[in-house]
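Please consult the sequence and the coordinates alongside the text.

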Amino acid sequence: MTTDQLKEVLGNYKWTLLVALIMFAMVGFGYKLARIIDEGDSKKVQAQQETIAILSEENHALTTKVNQLEVAMELATLETESITNTLGEQKKELEAQQELLSFYERVVAPEKTDEGFAIEGVEVFKLSDNTYQLRLVLLQSKQQKAVINGNLDIAVVGQRNSEAITLKSGESSLLAEDINYRFRFFQAVNVTLTIEEDINPESISFSTTVYQYKTRKGNYEISVPWNEALSVEIE
């Protein structure tokens with residue numbers, strides 16, 4: 001084929017070649033653009049993943065801190081309750097010691113009280129539906145102690161069917177007889193009382209005439225609310 005013939009052939013297909021060239025260029029550009037977009041998407045996904053990782057790490061740190069604070073608060077609460085309980089127990093122990101000290105002061109240091117005769121530590125313990133154990137201490141509080149004696153009357157005041165009733169020692173089933181006492185410093189009393197089930201006790205009272213040998217020294221009376229004297233457990 002001669003040169004002129006080649007030119008003639010190319011002249012006939014020049015538009016076809018030009019279109020093909022343009023399409024080829026567009027394909028290449030599209031491929032390159034797709035790669036650019038793909039790389040951009042990849043970077044975007046990576047950035048999102050890195051952001052998620054950072055947020056997850058911060059969330060974990062905050063969760064750990066919150067848990068630590070909750071544990072600290074729980075420990076502080078338990079410690080506070082423990083301190084409160086310990087303080088309450090120590091207060092009770094101190095009150096008991098002060099009461100015991102006061103009792104012994106009245107026994108060995110009578111100048112601290114004006115009474116010549118006293119009843120201390122009145123306690124009632126329920127043994128069954130109608131029997132109770134009564135405990136108390138009689139003591140003398142005089143500077144010059146001498147033997148004293150007498151009879152201690154006991155009475156329980158209460159309600160039966162909404163009516164007032166009084167049970168007296170030596171006169172009812174409460175106690176067969178009054179309590180005889182004779183001592184110089186103090187005397188412990190421990191007796192069993194019988195109270196019918198249909199009686200609701202309100203108070204327990206004590207009265208006596210104190211003698212020094214046969215000489216009358218005076219009278220003594222005291223009343224204690226039943227709910228104050230009643231104890232839960234026998235020691």
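## Overall make-up

The secondary structure of the protein chain comes to 2 helices and 9 strands, where helices (H or I, at least four residues) and strands (E, at least two) are DSSP runs numbered from the N terminus. Read from the N terminus on, the elements follow the order α-β-β-β-β-β-β-β-β-α-β. This is a predicted model, in which local features need pLDDT of at least 70 and side-chain atom pairs count only at pLDDT 80 or more, while totals for chains, interfaces and linings use all residues. Residues are numbered from 1 along each chain as its sequence is written, and side-chain values use heavy atoms, with hydrogens and water left out.

Of the 235 residues of the protein chain, 24% count as buried, a term that means under 20% relative accessible area, with exposed over 50% and partly exposed in between (1.4 Å probe, protein chains only). Among contacts (heavy atoms within 4.5 Å) between residues at least 6 apart in sequence, 63% join residues at least 24 apart.

## Strand pairing around S2

S2 is mostly covered, with 9 of its 10 residues buried.

## Aromatic pairs

The structure holds 5 aromatic pairs; rings of Phe, Tyr and Trp (its six-membered ring) pair if their centres lie within 6.5 Å, and planes under 30 degrees apart count as stacked, over 60 as edge-to-face and the rest as tilted. In one of these pairs, the ring centres of Phe 117 and Tyr 181 are 5.4 Å apart and the planes stand at 35°, so the pair is tilted. Because Phe 117 lies in strand S1 (residues 117–126) and Tyr 181 in strand S5 (residues 179–183), the pair ties together parts that are 64 residues apart in sequence. Phe 117 is buried at a relative accessible area of 4%, and Tyr 181 is likewise buried at 3%.

The rings of Tyr 132 and Trp 226 have their centres 5.4 Å apart and their planes at 85°, so this pair is edge-to-face. Tyr 132 lies in strand S2 (residues 131–140) and Trp 226 in helix H2 (residues 226–229), so the pair ties together parts that are 94 residues apart in sequence. Both Tyr 132 and Trp 226 are buried.
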